[in-house]
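Here is a friendly briefing to read alongside the coordinates. Please keep the viewer open and follow the topics one by one.

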Amino acid sequence: MSGHRGSPGAGKSPRRAAGGSPEGRIPDGDIPDGRTAEERTAQGRPADGGQAGRPDQAGRAGQASRTSRAKPKAKRSTKEKVLWATAGCTALLVLGGCAVYYRLNSNLTTFDGDALSKDRPAAAAPDAQGRSPVNVLLIGSDSRGNGNSDLGGGGDGGARSDTAILLHVYADHKHAVGISIPRDSLVTIPACKLPNGKWTKEQTNVMFNSAFSVGDTDQGNPACTQNAVEKLTNLRVDHTIVVDFNGFASMTKAVGGVEVCLPNDIHEGDLNPNLGKKGKLVFPKGKQKVEGQSALDFVRVRHGIGDGSDIGRTKRQQAFLSSLIKEVKSRGMDPTTLLPLADAATKSLTVDPDLGSAAKLLSFAMSLKDVNLHDVKFVTAPWRYEGPRVALLHPDSDQLWAALKADRTLDGQDASATAADSAAPGTPAAEATPSPTATTPVPDAKSGEAKPADVKVAVLNGTGATGLGGKAAEAVKGAGYTVTSVGNATGKPRATTVVEYGAGERAAADAVAKLFPGATVQAGGKGVSVVLGHDFAAANPAGAADLAASASPGAPAAPAPVPSSVANAARSADDDPCANVSYG
């Protein structure tokens, strides 16, 4: 691993010599008014500044005479003083900011980008507005190096990763989901680069967290873990961030602690099963704030809760991160909040080369400021026990990865779609009759027909079932129309599908309605919007994908919806910290 750290003496104030002057400076008495000795002598003052050998009366009289002849000093206006003060403060802020950025850059360590696999999934394509989803791999390292052994780092040499979360930030940058990958999951680890420059062979059916230990160094092997995640998910990992114990403890202190909750009392023996006794009470049952060492103990404790498994610990880590995000956002997602947090964290952060500067790190953090707490979700990759290990479920986990690759939220919303300029979501569908043949003017004067690409359509799921909005959107896209948004309609579930339209949009609505047999068309709102009803939900689950394919051969089919067992188990960042913090 390569990196750069700040010099030990950076930021220290210069020592002062006797009299309060910094060493190396000329004493103030040598330059009392900024003139040379010759100039002062020519004006009747001794070279030593007039402090010795001057008769009191004569000196004062002479000075008064000179003062009366001197040009009066102009007074600065109040406005000028304010300008100078503002300029001075701005300069100090700039210099201070530069110092902070320099310190953050010096803190950061980057890993070798050449250690990433040469056969990687393609990067996500930007949407119509140039926005792209971002995948960030978060790794918690229990390395004993860098002073971590004092905080409970691994007793053996090398480093392990007991925590790995793939954070998918959707293209709209208003939704995000963190997928926890159980450390004991049996996976395939592709070839990884060793510290000596050689590459390992691919390993199959091995524990996921062993990827981080490849090379057996105190820094761990984040590139190998990233390679394993890309192999597992077929998703391009844009950034990887490794946080060790020191960095984690410092972050929790920087935000003034994090609120957590436990279902029962936790004692020393639960933290250390080898203690041989119950020991003192460490955490009482219920809500409490933790920081530093106590925060580490909370996210690491496994025994004494539920079935004592790593799966239960994963749930508490998700609850902890939810509370941490809530705490940061409550303080404001701005540099004032983020800089102290970054300063605390970067001392123990290892990142990929593309994230290896304070500016890039803070820019990424600031890009999440518009994500609502309720739209930050945490789930665990679908799993089952396989002896003492964990096997990932298929096709459930495959459907989850495919949904993320298509930038679909857990409820099937297409987050790559642009903001809707269409009918207000949730407008109740009134009774309507089947639409007549379109007779309204159309925009294409040459052909007499509307161009599908010019028709903007919002798709709203009015059934309450998961994933239908995405399927319907694929049908609309497959027919050549532009989908502006996919979401859920509010209010009661709809019995039938309705296509609503605004002024001058009747012809377009009639054309879109042909994609949904039995749909009715009615005026309402702006633009064109499809509000799905139970008639659409009752169709064959593959019906929408088939419809899209028939409308436009070769168009990509919508991914299968995320299994309800996964979507329903998701934790939102605004959930009660006492809810769902254990397993078994």
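In this predicted model, the buried residues of helix H12 are Leu468, Gly469, Gly470, Lys471, Ala472, Ala473, Glu474, Ala475, Val476 and Gly478. That makes 10 of the 11 residues in H12, which spans 468–478, so the helix counts as mostly covered, with buried meaning under 20% relative accessible area. The points below move from this helix to its sheet, then to a lysine, the nonpolar cores and a hairpin.

- Just after H12, Gly480 adopts a positive phi of about 100 degrees.
- An open sheet of 5 strands runs in the order E18-E17-E21-E19-E20, with mixed pairing.
- Its edges are strand E18 (482–488) and strand E20 (520–523), each of which pairs on one side only.
- Direction ignored, neighbouring strands of this sheet are turned by 20 degrees against each other on average.
- H12 packs on the sheet, where it touches strand E17 (456–461), E18 and strand E21 (528–532).
- The direction of H12 makes about 155 degrees with that of E17.
- Strand E19 (residues 498–501) runs parallel to E20, and 4 bridges join the two.
- Within this pair, Glu500 stands opposite Gln522 in E20.

**A buried lysine**
- Lys315 sits in helix H8, which covers residues 310–331.
- Lys315 is buried but has no salt bridge; Asp307, the nearest side chain of opposite charge, is 10 Å away.
- Leaving aside residues up to four places away in sequence, Lys315 touches Arg571, Asn580, Val581, Ser582 and Tyr583.

**Nonpolar cores**
- In soluble globular proteins, nonpolar side chains tend to be buried together.
- The largest nonpolar core here has 41 residues, and those with the most contacts inside it are Ile241, Phe248, Phe298, Phe320, Val328 and Leu349.
- Phe248 touches Val243, Ala295, Leu296, Val299 and Phe320, again not counting residues up to four places away in sequence.
- A second, separate core has 39 residues, including Ile139, Ala159, Val214 and Leu392.

- Strands E15 (residues 383–386) and E16 (residues 389–392) run antiparallel and are joined by 4 bridges.
- Leu392, one of the residues of the second core, is the bridge partner of Trp383 in E16.
- The hairpin has 2 residues between its strands, and Gly387 takes a positive phi near 65 degrees there.

Note on methods. Residues are numbered from 1 along each chain as its sequence is written. This is a predicted model: local features need pLDDT of at least 70, side-chain atom pairs count only at pLDDT 80 or more; totals for chains, interfaces and linings use all residues. Side-chain values use heavy atoms; hydrogens and water are left out. Buried means under 20% relative accessible area, exposed over 50%, partly exposed in between (1.4 Å probe, protein chains only). Two strands pair if DSSP finds at least two bridges between them. Axes are lines fitted to C-alpha atoms, for helices over the stretch in contact, and angles run from 0 to 180 degrees between N-to-C directions. Contact means heavy atoms within 4.5 Å. Lys and Arg count as positive and Asp and Glu as negative; His and the chain ends are not counted. A salt bridge is a side-chain nitrogen of Lys or Arg within 4 Å of a carboxyl oxygen of Asp or Glu. A nonpolar core is a set of buried Ala, Val, Leu, Ile, Met, Phe, Trp, Tyr and Cys residues joined through side-chain atoms within 4.5 Å.
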